[in-house]
Amino acid sequence: MTSNGENIAVIKKTPKLTLLPLIALIFYDVSGGPFGVEDSVKAGGGPLLSLLGFLIFPFIWSIPEALVTAELATSFPENGGYVLWISTAFGPFWGFQEGFWKWFSGVMDNALYPVLFLDYLKHSIPIFNRLVARIPALLGLTVSLTYLNYRGLHVVGFSAVALAVFSLFPFVVMGVLSIPRISPKHWLVVDFKKVDWRGYFNTMFWNLNYWDKASTLAGEVENPSKTFPMALFGAVVLVVSSYLVPLLAGTGALGANYGAWSDGYFAEVGLLIGGSWLKWWIQVAAAMSNMGLFEAEMSGDAFQLLGMSEMGMLPAIFASSLAYLNQFHRSKHGTPTISILLSATGVIFLSWMSFQEILEFLNFLYSIGMLLEFAAFIKLRIKKPDLHRPYKVPFQTFGAIMLCVPPALLLVLVMCLASLRTFFASGAVIIVGLLLYRILVLVKDRNLMQFCSEQPAVESHSVVSQQLQEVADEAAIGLLSDLSAKTEEESLEIRFEGVLKVD
(Lines give C-alpha, C1' and ligand atoms only; values in the text may rest on other atoms or scores of the structure.)
Protein backbone atom coordinates (compact mmCIF):
# COMPACT_ATOMS: atom_id res chain seq x y z
CA MET A 1 0.00 0.00 0.00
CA THR A 2 1.27 3.48 -0.84
CA SER A 3 2.56 5.51 2.07
CA ASN A 4 1.04 8.77 3.14
CA GLY A 5 3.91 10.83 1.74
CA GLU A 6 3.88 8.98 -1.59
CA ASN A 7 0.15 9.54 -1.92
CA ILE A 8 0.59 13.28 -1.41
CA ALA A 9 3.28 13.27 -4.09
CA VAL A 10 0.82 11.72 -6.48
CA ILE A 11 -1.61 14.56 -5.81
CA LYS A 12 1.06 17.18 -6.53
CA LYS A 13 1.77 15.62 -9.93
CA THR A 14 -1.88 15.58 -10.92
CA PRO A 15 -2.31 17.93 -13.92
CA LYS A 16 -4.04 21.20 -13.12
CA LEU A 17 -6.82 22.83 -15.11
CA THR A 18 -5.59 25.46 -17.56
CA LEU A 19 -7.51 28.29 -19.24
CA LEU A 20 -9.21 26.54 -22.16
CA PRO A 21 -10.47 23.48 -20.24
CA LEU A 22 -11.70 25.76 -17.44
CA ILE A 23 -13.65 27.90 -19.94
CA ALA A 24 -15.22 24.71 -21.31
CA LEU A 25 -16.15 23.46 -17.83
CA ILE A 26 -17.72 26.82 -16.88
CA PHE A 27 -19.55 26.82 -20.22
CA TYR A 28 -21.05 23.43 -19.39
CA ASP A 29 -21.76 24.41 -15.79
CA VAL A 30 -23.86 27.30 -17.09
CA SER A 31 -25.06 26.38 -20.56
CA GLY A 32 -23.85 23.56 -22.78
CA GLY A 33 -25.27 25.28 -25.85
CA PRO A 34 -28.69 26.56 -26.94
CA PHE A 35 -30.48 23.31 -26.10
CA GLY A 36 -33.30 24.29 -23.74
CA VAL A 37 -33.60 27.97 -24.69
CA GLU A 38 -36.38 27.25 -27.20
CA ASP A 39 -38.99 27.51 -24.42
CA SER A 40 -38.07 31.18 -23.96
CA VAL A 41 -39.57 31.99 -27.40
CA LYS A 42 -42.87 30.25 -26.61
CA ALA A 43 -43.07 31.53 -23.03
CA GLY A 44 -42.18 35.05 -24.20
CA GLY A 45 -45.00 35.18 -26.72
CA GLY A 46 -42.53 35.51 -29.61
CA PRO A 47 -38.83 36.22 -30.30
CA LEU A 48 -38.60 39.79 -28.95
CA LEU A 49 -38.66 39.04 -25.21
CA SER A 50 -36.40 36.03 -25.70
CA LEU A 51 -33.76 38.03 -27.58
CA LEU A 52 -34.00 40.98 -25.18
CA GLY A 53 -33.73 38.58 -22.25
CA PHE A 54 -30.47 37.06 -23.44
CA LEU A 55 -29.10 40.55 -24.14
CA ILE A 56 -30.16 42.17 -20.85
CA PHE A 57 -30.13 39.34 -18.29
CA PRO A 58 -26.35 38.79 -18.57
CA PHE A 59 -25.81 42.38 -17.35
CA ILE A 60 -28.34 42.03 -14.53
CA TRP A 61 -27.39 38.52 -13.48
CA SER A 62 -24.53 36.70 -15.24
CA ILE A 63 -21.85 39.40 -15.14
CA PRO A 64 -22.43 40.35 -11.46
CA GLU A 65 -22.38 36.67 -10.43
CA ALA A 66 -19.24 36.05 -12.49
CA LEU A 67 -17.48 39.08 -10.96
CA VAL A 68 -18.35 38.02 -7.40
CA THR A 69 -17.20 34.47 -8.18
CA ALA A 70 -13.90 35.71 -9.62
CA GLU A 71 -13.10 37.77 -6.51
CA LEU A 72 -14.03 35.13 -3.95
CA ALA A 73 -12.62 32.14 -5.85
CA THR A 74 -9.22 33.82 -6.17
CA SER A 75 -9.29 34.96 -2.54
CA PHE A 76 -9.99 31.38 -1.41
CA PRO A 77 -8.39 29.12 -4.06
CA GLU A 78 -9.45 25.89 -2.38
CA ASN A 79 -11.84 23.07 -3.21
CA GLY A 80 -15.26 23.70 -1.71
CA GLY A 81 -15.66 27.18 -3.22
CA TYR A 82 -18.77 28.92 -1.91
CA VAL A 83 -18.87 26.66 1.16
CA LEU A 84 -15.59 28.21 2.29
CA TRP A 85 -16.80 31.76 1.51
CA ILE A 86 -19.99 31.34 3.53
CA SER A 87 -18.17 29.66 6.41
CA THR A 88 -15.67 32.52 6.61
CA ALA A 89 -18.40 35.16 6.52
CA PHE A 90 -21.15 33.56 8.62
CA GLY A 91 -19.67 30.49 10.31
CA PRO A 92 -19.67 26.73 9.63
CA PHE A 93 -23.40 26.20 10.22
CA TRP A 94 -24.40 28.34 7.24
CA GLY A 95 -21.47 27.03 5.21
CA PHE A 96 -22.78 23.51 5.66
CA GLN A 97 -26.33 24.51 4.71
CA GLU A 98 -25.07 26.22 1.57
CA GLY A 99 -23.08 23.13 0.64
CA PHE A 100 -26.01 20.79 1.18
CA TRP A 101 -28.45 22.91 -0.84
CA LYS A 102 -26.02 23.28 -3.74
CA TRP A 103 -25.00 19.62 -3.77
CA PHE A 104 -28.59 18.39 -3.62
CA SER A 105 -29.74 20.67 -6.44
CA GLY A 106 -26.66 19.73 -8.48
CA VAL A 107 -27.32 15.99 -8.23
CA MET A 108 -30.98 16.49 -9.17
CA ASP A 109 -29.95 18.62 -12.13
CA ASN A 110 -27.39 16.05 -13.23
CA ALA A 111 -29.97 13.27 -13.21
CA LEU A 112 -31.62 14.90 -16.23
CA TYR A 113 -28.70 14.71 -18.63
CA PRO A 114 -28.55 10.97 -19.36
CA VAL A 115 -32.33 11.12 -19.86
CA LEU A 116 -32.09 14.07 -22.24
CA PHE A 117 -29.23 12.34 -24.07
CA LEU A 118 -31.54 9.45 -24.94
CA ASP A 119 -34.50 11.74 -25.60
CA TYR A 120 -32.61 13.41 -28.44
CA LEU A 121 -31.33 10.12 -29.86
CA LYS A 122 -34.71 8.36 -29.77
CA HIS A 123 -35.92 10.49 -32.69
CA SER A 124 -33.33 8.76 -34.88
CA ILE A 125 -33.04 5.49 -32.91
CA PRO A 126 -36.62 4.59 -31.81
CA ILE A 127 -35.53 1.61 -29.71
CA PHE A 128 -34.65 4.05 -26.89
CA ASN A 129 -38.38 4.63 -26.45
CA ARG A 130 -38.61 1.12 -24.99
CA LEU A 131 -37.71 0.45 -21.34
CA VAL A 132 -35.87 -2.75 -22.24
CA ALA A 133 -33.24 -0.64 -24.03
CA ARG A 134 -33.64 2.64 -22.14
CA ILE A 135 -32.83 1.46 -18.60
CA PRO A 136 -29.55 -0.34 -19.50
CA ALA A 137 -28.57 2.66 -21.63
CA LEU A 138 -29.18 5.06 -18.72
CA LEU A 139 -27.10 2.93 -16.37
CA GLY A 140 -24.35 2.48 -18.96
CA LEU A 141 -24.16 6.22 -19.66
CA THR A 142 -24.03 7.12 -15.98
CA VAL A 143 -21.29 4.58 -15.25
CA SER A 144 -19.22 5.59 -18.30
CA LEU A 145 -19.41 9.31 -17.61
CA THR A 146 -18.69 8.73 -13.92
CA TYR A 147 -15.52 6.85 -14.91
CA LEU A 148 -14.34 9.88 -16.90
CA ASN A 149 -14.66 11.97 -13.73
CA TYR A 150 -12.70 9.35 -11.80
CA ARG A 151 -9.85 9.59 -14.32
CA GLY A 152 -9.18 13.22 -13.41
CA LEU A 153 -10.24 16.79 -14.09
CA HIS A 154 -7.70 17.26 -16.89
CA VAL A 155 -9.44 14.44 -18.78
CA VAL A 156 -12.86 15.97 -18.05
CA GLY A 157 -11.62 19.44 -19.05
CA PHE A 158 -10.25 18.44 -22.44
CA SER A 159 -13.29 16.24 -23.06
CA ALA A 160 -15.44 19.32 -22.41
CA VAL A 161 -13.42 21.33 -24.95
CA ALA A 162 -13.96 18.71 -27.65
CA LEU A 163 -17.66 18.36 -26.82
CA ALA A 164 -18.16 22.15 -26.87
CA VAL A 165 -16.61 22.48 -30.34
CA PHE A 166 -18.69 19.60 -31.71
CA SER A 167 -21.92 20.82 -30.07
CA LEU A 168 -21.68 24.44 -31.22
CA PHE A 169 -20.37 24.04 -34.76
CA PRO A 170 -23.71 22.98 -36.34
CA PHE A 171 -25.23 26.25 -35.09
CA VAL A 172 -22.45 28.22 -36.75
CA VAL A 173 -23.34 26.41 -39.97
CA MET A 174 -27.05 27.06 -39.41
CA GLY A 175 -26.36 30.76 -38.81
CA VAL A 176 -24.47 31.06 -42.10
CA LEU A 177 -27.15 29.17 -44.08
CA SER A 178 -29.93 31.31 -42.58
CA ILE A 179 -28.49 34.69 -43.64
CA PRO A 180 -30.24 34.92 -47.06
CA ARG A 181 -33.62 34.08 -45.44
CA ILE A 182 -33.48 36.38 -42.41
CA SER A 183 -36.11 39.11 -42.07
CA PRO A 184 -35.30 41.42 -39.10
CA LYS A 185 -38.98 42.27 -38.58
CA HIS A 186 -39.52 38.70 -37.31
CA TRP A 187 -37.34 39.51 -34.30
CA LEU A 188 -39.75 42.24 -33.14
CA VAL A 189 -42.80 39.98 -32.73
CA VAL A 190 -44.36 39.69 -29.25
CA ASP A 191 -47.88 38.82 -28.11
CA PHE A 192 -48.19 39.88 -24.46
CA LYS A 193 -51.46 37.95 -24.13
CA LYS A 194 -49.51 34.72 -24.62
CA VAL A 195 -46.60 35.53 -22.32
CA ASP A 196 -46.06 33.00 -19.52
CA TRP A 197 -44.03 35.07 -17.09
CA ARG A 198 -43.27 32.20 -14.71
CA GLY A 199 -42.01 29.99 -17.52
CA TYR A 200 -40.15 32.89 -19.13
CA PHE A 201 -38.21 33.92 -16.01
CA ASN A 202 -37.48 30.33 -14.98
CA THR A 203 -36.15 29.50 -18.45
CA MET A 204 -34.01 32.63 -18.56
CA PHE A 205 -32.68 32.10 -15.06
CA TRP A 206 -31.91 28.41 -15.52
CA ASN A 207 -30.02 29.04 -18.76
CA LEU A 208 -27.86 31.81 -17.26
CA ASN A 209 -26.99 30.58 -13.75
CA TYR A 210 -24.37 28.35 -12.06
CA TRP A 211 -21.42 30.70 -12.70
CA ASP A 212 -20.23 29.94 -9.18
CA LYS A 213 -20.11 26.17 -9.70
CA ALA A 214 -16.51 26.04 -10.95
CA SER A 215 -15.35 27.64 -7.68
CA THR A 216 -15.80 24.27 -5.97
CA LEU A 217 -12.70 22.99 -7.80
CA ALA A 218 -10.60 26.18 -7.52
CA GLY A 219 -7.87 24.14 -5.83
CA GLU A 220 -7.43 22.18 -9.08
CA VAL A 221 -6.80 25.26 -11.27
CA GLU A 222 -3.39 26.32 -12.52
CA ASN A 223 -2.62 29.87 -11.28
CA PRO A 224 -6.23 30.61 -10.27
CA SER A 225 -5.68 34.32 -9.59
CA LYS A 226 -5.16 34.90 -13.31
CA THR A 227 -6.90 31.91 -14.86
CA PHE A 228 -10.28 32.27 -13.11
CA PRO A 229 -11.14 35.85 -14.14
CA MET A 230 -10.04 35.20 -17.74
CA ALA A 231 -12.00 31.95 -17.90
CA LEU A 232 -15.16 33.56 -16.50
CA PHE A 233 -14.96 36.41 -19.03
CA GLY A 234 -14.43 33.99 -21.90
CA ALA A 235 -17.29 31.79 -20.72
CA VAL A 236 -19.71 34.76 -20.49
CA VAL A 237 -19.00 35.68 -24.12
CA LEU A 238 -19.28 32.05 -25.26
CA VAL A 239 -22.55 31.39 -23.41
CA VAL A 240 -24.34 34.54 -24.61
CA SER A 241 -23.15 33.99 -28.20
CA SER A 242 -24.25 30.36 -28.15
CA TYR A 243 -27.79 31.51 -27.30
CA LEU A 244 -28.17 34.58 -29.49
CA VAL A 245 -26.75 33.23 -32.77
CA PRO A 246 -29.17 30.25 -33.06
CA LEU A 247 -32.14 32.33 -31.85
CA LEU A 248 -31.43 35.14 -34.31
CA ALA A 249 -30.98 32.62 -37.13
CA GLY A 250 -34.02 30.48 -36.35
CA THR A 251 -36.58 33.15 -35.51
CA GLY A 252 -35.33 35.55 -38.19
CA ALA A 253 -35.43 32.96 -40.97
CA LEU A 254 -38.63 31.06 -40.14
CA GLY A 255 -41.02 33.71 -38.87
CA ALA A 256 -44.39 32.63 -37.43
CA ASN A 257 -45.54 29.56 -35.47
CA TYR A 258 -43.69 30.57 -32.32
CA GLY A 259 -45.98 28.33 -30.26
CA ALA A 260 -44.03 25.34 -31.62
CA TRP A 261 -40.81 26.47 -29.97
CA SER A 262 -40.15 24.01 -27.12
CA ASP A 263 -37.33 21.70 -26.01
CA GLY A 264 -35.75 20.03 -29.03
CA TYR A 265 -37.20 22.44 -31.61
CA PHE A 266 -33.77 23.52 -32.88
CA ALA A 267 -33.57 20.14 -34.64
CA GLU A 268 -36.66 21.10 -36.64
CA VAL A 269 -35.17 24.54 -37.33
CA GLY A 270 -32.10 22.79 -38.72
CA LEU A 271 -34.33 20.66 -40.97
CA LEU A 272 -36.17 23.72 -42.34
CA ILE A 273 -32.99 25.75 -42.91
CA GLY A 274 -30.43 23.17 -43.99
CA GLY A 275 -32.15 19.85 -44.49
CA SER A 276 -32.22 16.46 -42.80
CA TRP A 277 -28.42 16.29 -42.49
CA LEU A 278 -28.39 19.44 -40.31
CA LYS A 279 -31.29 18.13 -38.22
CA TRP A 280 -29.38 14.90 -37.56
CA TRP A 281 -26.21 16.84 -36.72
CA ILE A 282 -28.05 19.03 -34.21
CA GLN A 283 -29.65 15.99 -32.56
CA VAL A 284 -26.27 14.32 -32.10
CA ALA A 285 -24.75 17.62 -30.92
CA ALA A 286 -27.54 17.95 -28.34
CA ALA A 287 -26.84 14.43 -27.09
CA MET A 288 -23.11 15.17 -26.82
CA SER A 289 -23.83 18.46 -25.05
CA ASN A 290 -25.73 16.59 -22.36
CA MET A 291 -22.62 14.48 -21.80
CA GLY A 292 -20.59 17.66 -21.27
CA LEU A 293 -23.20 19.03 -18.87
CA PHE A 294 -23.07 15.78 -16.87
CA GLU A 295 -19.26 15.86 -16.66
CA ALA A 296 -19.07 19.48 -15.52
CA GLU A 297 -21.87 19.11 -12.96
CA MET A 298 -20.49 15.92 -11.44
CA SER A 299 -16.99 17.39 -11.18
CA GLY A 300 -18.34 20.39 -9.28
CA ASP A 301 -20.51 18.24 -6.99
CA ALA A 302 -17.73 15.76 -6.16
CA PHE A 303 -15.04 18.34 -5.48
CA GLN A 304 -17.49 20.33 -3.36
CA LEU A 305 -17.90 17.27 -1.10
CA LEU A 306 -14.12 16.84 -1.08
CA GLY A 307 -13.65 20.46 0.00
CA MET A 308 -16.29 20.12 2.74
CA SER A 309 -14.53 16.98 3.96
CA GLU A 310 -11.12 18.68 4.02
CA MET A 311 -12.68 21.53 6.05
CA GLY A 312 -13.98 19.00 8.59
CA MET A 313 -17.65 19.41 7.67
CA LEU A 314 -18.02 15.85 6.36
CA PRO A 315 -16.30 12.60 7.40
CA ALA A 316 -12.83 12.10 5.95
CA ILE A 317 -14.06 9.29 3.72
CA PHE A 318 -15.44 11.89 1.29
CA ALA A 319 -11.90 13.05 0.55
CA SER A 320 -10.64 9.51 0.01
CA SER A 321 -10.41 6.87 -2.67
CA LEU A 322 -11.47 3.25 -2.40
CA ALA A 323 -7.84 2.15 -2.38
CA TYR A 324 -6.75 4.44 0.45
CA LEU A 325 -9.64 4.49 2.92
CA ASN A 326 -7.29 4.53 5.88
CA GLN A 327 -5.24 7.48 4.62
CA PHE A 328 -8.01 9.88 3.61
CA HIS A 329 -6.53 11.03 0.33
CA ARG A 330 -7.58 10.76 -3.28
CA SER A 331 -7.26 8.16 -6.01
CA LYS A 332 -4.11 7.91 -8.13
CA HIS A 333 -5.81 10.28 -10.58
CA GLY A 334 -6.26 12.96 -7.90
CA THR A 335 -10.04 12.51 -7.72
CA PRO A 336 -12.31 11.97 -4.67
CA THR A 337 -13.68 8.52 -5.50
CA ILE A 338 -16.21 8.25 -2.67
CA SER A 339 -17.64 11.70 -3.40
CA ILE A 340 -17.97 10.81 -7.09
CA LEU A 341 -19.71 7.52 -6.28
CA LEU A 342 -22.16 9.23 -3.92
CA SER A 343 -23.05 11.81 -6.58
CA ALA A 344 -23.43 9.09 -9.22
CA THR A 345 -25.72 7.07 -6.94
CA GLY A 346 -27.94 10.09 -6.46
CA VAL A 347 -28.08 10.59 -10.24
CA ILE A 348 -29.21 6.98 -10.82
CA PHE A 349 -31.98 7.17 -8.23
CA LEU A 350 -33.27 10.54 -9.48
CA SER A 351 -33.07 9.94 -13.23
CA TRP A 352 -36.79 9.08 -13.40
CA MET A 353 -37.77 12.72 -12.81
CA SER A 354 -38.72 15.00 -15.71
CA PHE A 355 -37.28 18.39 -16.65
CA GLN A 356 -40.51 20.27 -15.96
CA GLU A 357 -40.88 18.71 -12.49
CA ILE A 358 -37.44 19.79 -11.41
CA LEU A 359 -36.79 23.21 -13.03
CA GLU A 360 -38.63 25.39 -10.49
CA PHE A 361 -37.30 23.32 -7.60
CA LEU A 362 -33.68 23.75 -8.74
CA ASN A 363 -34.10 27.47 -9.31
CA PHE A 364 -35.63 27.97 -5.85
CA LEU A 365 -32.83 26.18 -3.97
CA TYR A 366 -30.21 27.86 -6.11
CA SER A 367 -31.73 31.29 -5.40
CA ILE A 368 -31.53 30.78 -1.63
CA GLY A 369 -27.88 29.81 -1.91
CA MET A 370 -27.01 32.74 -4.16
CA LEU A 371 -28.60 35.26 -1.79
CA LEU A 372 -26.30 33.89 0.90
CA GLU A 373 -23.27 34.19 -1.43
CA PHE A 374 -23.99 37.84 -2.25
CA ALA A 375 -24.41 38.54 1.47
CA ALA A 376 -21.03 36.87 2.15
CA PHE A 377 -19.38 38.93 -0.60
CA ILE A 378 -20.64 42.17 0.97
CA LYS A 379 -19.82 41.13 4.56
CA LEU A 380 -16.25 40.16 3.66
CA ARG A 381 -15.79 43.51 1.90
CA ILE A 382 -16.92 45.33 5.07
CA LYS A 383 -15.40 43.13 7.81
CA LYS A 384 -12.19 42.13 6.00
CA PRO A 385 -11.22 45.03 3.72
CA ASP A 386 -7.55 43.98 3.88
CA LEU A 387 -8.18 40.38 2.86
CA HIS A 388 -5.78 39.38 0.10
CA ARG A 389 -7.75 39.54 -3.16
CA PRO A 390 -5.66 38.60 -6.23
CA TYR A 391 -8.61 39.74 -8.33
CA LYS A 392 -10.88 42.45 -6.91
CA VAL A 393 -14.13 43.71 -8.41
CA PRO A 394 -13.24 47.33 -9.33
CA PHE A 395 -15.74 48.95 -6.93
CA GLN A 396 -15.50 50.23 -3.39
CA THR A 397 -17.91 48.94 -0.72
CA PHE A 398 -20.91 50.99 -1.82
CA GLY A 399 -20.37 50.03 -5.46
CA ALA A 400 -20.02 46.35 -4.48
CA ILE A 401 -23.36 46.53 -2.66
CA MET A 402 -25.03 48.18 -5.67
CA LEU A 403 -23.58 45.46 -7.92
CA CYS A 404 -25.48 42.85 -5.91
CA VAL A 405 -28.85 44.64 -5.79
CA PRO A 406 -30.18 43.82 -9.33
CA PRO A 407 -29.31 40.10 -9.18
CA ALA A 408 -30.69 39.86 -5.64
CA LEU A 409 -34.00 41.36 -6.79
CA LEU A 410 -34.09 38.86 -9.66
CA LEU A 411 -33.54 36.00 -7.20
CA VAL A 412 -36.43 37.18 -5.05
CA LEU A 413 -38.64 37.48 -8.14
CA VAL A 414 -37.83 33.91 -9.25
CA MET A 415 -38.64 32.60 -5.76
CA CYS A 416 -41.92 34.54 -5.62
CA LEU A 417 -43.01 33.01 -8.94
CA ALA A 418 -42.52 29.45 -7.62
CA SER A 419 -45.52 27.18 -7.08
CA LEU A 420 -46.78 26.04 -3.69
CA ARG A 421 -45.41 22.55 -4.36
CA THR A 422 -41.94 24.02 -4.88
CA PHE A 423 -42.16 25.89 -1.56
CA PHE A 424 -43.03 22.66 0.28
CA ALA A 425 -40.36 20.57 -1.48
CA SER A 426 -37.66 23.19 -0.85
CA GLY A 427 -38.77 23.47 2.77
CA ALA A 428 -38.33 19.71 3.17
CA VAL A 429 -34.77 19.88 1.79
CA ILE A 430 -33.93 22.75 4.17
CA ILE A 431 -35.22 20.75 7.16
CA VAL A 432 -33.12 17.74 6.12
CA GLY A 433 -30.04 20.00 5.96
CA LEU A 434 -30.68 21.29 9.48
CA LEU A 435 -31.09 17.76 10.87
CA LEU A 436 -28.07 16.43 9.00
CA TYR A 437 -25.85 19.15 10.47
CA ARG A 438 -26.95 18.21 14.02
CA ILE A 439 -26.36 14.52 13.31
CA LEU A 440 -22.82 15.22 12.05
CA VAL A 441 -22.10 17.34 15.13
CA LEU A 442 -23.10 14.34 17.28
CA VAL A 443 -21.06 11.90 15.17
CA LYS A 444 -17.97 14.09 15.39
CA ASP A 445 -18.39 14.81 19.11
CA ARG A 446 -18.60 11.07 19.91
CA ASN A 447 -15.80 10.11 17.49
CA LEU A 448 -18.08 7.70 15.64
CA MET A 449 -16.31 8.56 12.37
CA GLN A 450 -12.99 10.19 11.61
CA PHE A 451 -12.90 13.75 10.29
CA CYS A 452 -10.00 15.50 8.58
CA SER A 453 -7.96 17.54 11.04
CA GLU A 454 -5.36 18.63 8.53
CA GLN A 455 -4.97 18.85 4.80
CA PRO A 456 -2.17 17.54 2.61
CA ALA A 457 0.29 20.07 1.37
CA VAL A 458 -0.74 21.95 -1.71
CA GLU A 459 0.98 24.41 -3.98
CA SER A 460 0.71 27.98 -2.69
CA HIS A 461 -0.38 30.75 -5.03
CA SER A 462 1.14 33.54 -2.94
CA VAL A 463 2.58 34.06 0.50
CA VAL A 464 -0.60 35.66 1.77
CA SER A 465 -2.95 33.03 0.34
CA GLN A 466 -0.77 30.31 1.87
CA GLN A 467 -0.99 32.03 5.25
CA LEU A 468 -4.76 32.38 4.92
CA GLN A 469 -5.00 28.70 4.07
CA GLU A 470 -3.05 27.79 7.19
CA VAL A 471 -5.44 29.87 9.27
CA ALA A 472 -8.44 28.20 7.61
CA ASP A 473 -6.88 24.77 8.23
CA GLU A 474 -6.50 25.52 11.92
CA ALA A 475 -10.10 26.70 12.16
CA ALA A 476 -11.33 23.67 10.21
CA ILE A 477 -10.29 21.27 12.96
CA GLY A 478 -13.25 22.26 15.11
CA LEU A 479 -15.54 23.37 12.31
CA LEU A 480 -18.60 21.43 13.46
CA SER A 481 -18.30 21.86 17.19
CA ASP A 482 -21.34 23.77 18.44
CA LEU A 483 -19.98 23.96 21.97
CA SER A 484 -17.03 26.13 20.95
CA ALA A 485 -18.38 27.75 17.78
CA LYS A 486 -18.38 31.32 19.09
CA THR A 487 -14.90 30.99 20.56
CA GLU A 488 -13.55 29.58 17.29
CA GLU A 489 -15.07 32.39 15.23
CA GLU A 490 -13.53 35.03 17.51
CA SER A 491 -10.19 33.24 17.35
CA LEU A 492 -10.42 32.99 13.58
CA GLU A 493 -11.02 36.78 13.35
CA ILE A 494 -7.95 37.47 15.52
CA ARG A 495 -5.73 35.08 13.54
CA PHE A 496 -6.86 36.52 10.19
CA GLU A 497 -6.02 40.03 11.41
CA GLY A 498 -2.68 38.79 12.69
CA VAL A 499 -1.77 37.21 9.39
CA LEU A 500 -2.68 40.36 7.46
CA LYS A 501 -0.63 42.56 9.82
CA VAL A 502 2.38 40.27 9.47
CA ASP A 503 1.99 40.38 5.67
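Q: Is aspartate 212 buried or exposed?
A: Buried means under 20% relative accessible area, exposed over 50%, and partly exposed in between (1.4 Å probe, protein chains only). Aspartate 212 has a relative accessible area of 0%, so it is buried. This is a predicted model, in which local features need pLDDT of at least 70, side-chain atom pairs count only at pLDDT 80 or more, and totals for chains, interfaces and linings use all residues. Residues are numbered from 1 along each chain as its sequence is written, and side-chain values use heavy atoms, with hydrogens and water left out.

Q: Which side chain meets aspartate 212 in a salt bridge?
A: A salt bridge is a side-chain nitrogen of Lys or Arg within 4 Å of a carboxyl oxygen of Asp or Glu. The partner of aspartate 212 is lysine 102, at 2.5 Å from N to O. Helices (H or I, at least four residues) and strands (E, at least two) are DSSP runs, numbered from the N terminus. Lysine 102 belongs to helix α6 (residues 92-110), and aspartate 212 to the loop between α10 (197-207) and α11 (224-254), so the bridge ties together parts 110 residues apart in sequence. Lysine 102 is buried too, at a relative accessible area of 2%. Both residues are in a network of salt bridges that also links Glu98 and Glu373.

Q: How many salt bridges does the whole structure hold?
A: A search of the whole structure gives six. One of them joins arginine 381 and glutamate 71, with 2.9 Å from N to O. Here arginine 381 sits in helix α15 (residues 355-383) and glutamate 71 in helix α4 (residues 47-75), 310 residues apart. Arginine 381 and glutamate 71 are both buried.

Q: Where do lysine 279 and glutamate 268 lie?
A: Lysine 279 is in helix α13 (residues 276-310) and glutamate 268 in helix α12 (residues 265-273), 11 residues apart. Their side chains form a salt bridge of 3.1 Å, N to O. Lysine 279 is partly exposed at 22% relative accessibility, and glutamate 268 is partly exposed at 30%.

Q: At what angle do α6 and α13 pack?
A: Axes are lines fitted to C-alpha atoms, for helices over the stretch in contact, and angles run from 0 to 180 degrees between N-to-C directions. For α6 and α13 the angle is about 155 degrees, with the axes 10 Å apart.

Q: Which residues of α6 meet α13?
A: Contact means heavy atoms within 4.5 Å. The α6 side includes Phe96, Phe100, Lys102 and Trp103, and the α13 side includes Leu293, Phe294, Glu297 and Met298. The residues of this contact divide into nine nonpolar, four polar and four charged. Ala, Val, Leu, Ile, Met, Phe, Trp, Tyr, Cys and Pro count as nonpolar, Asp, Glu, Lys and Arg as charged, and the others, Gly among them, as polar.

Q: How many residues of α10 are buried?
A: Nine of the 11 are, so α10 is largely enclosed by the rest of the structure. Among the buried residues are Tyr200, Phe201, Phe205 and Trp206.

Q: What phi do tyrosine 210 and asparagine 447 have?
A: Tyrosine 210 has a positive phi of about 75 degrees although it is not a glycine. Tyrosine 210 is in the loop between α10 and α11 and is buried, at 4% relative accessibility. Asparagine 447, not a glycine either, has a positive phi of about 55 degrees. Asparagine 447 is in the loop between α17 (420-445) and α18 (463-476) and is exposed, with a relative accessible area of 65%.
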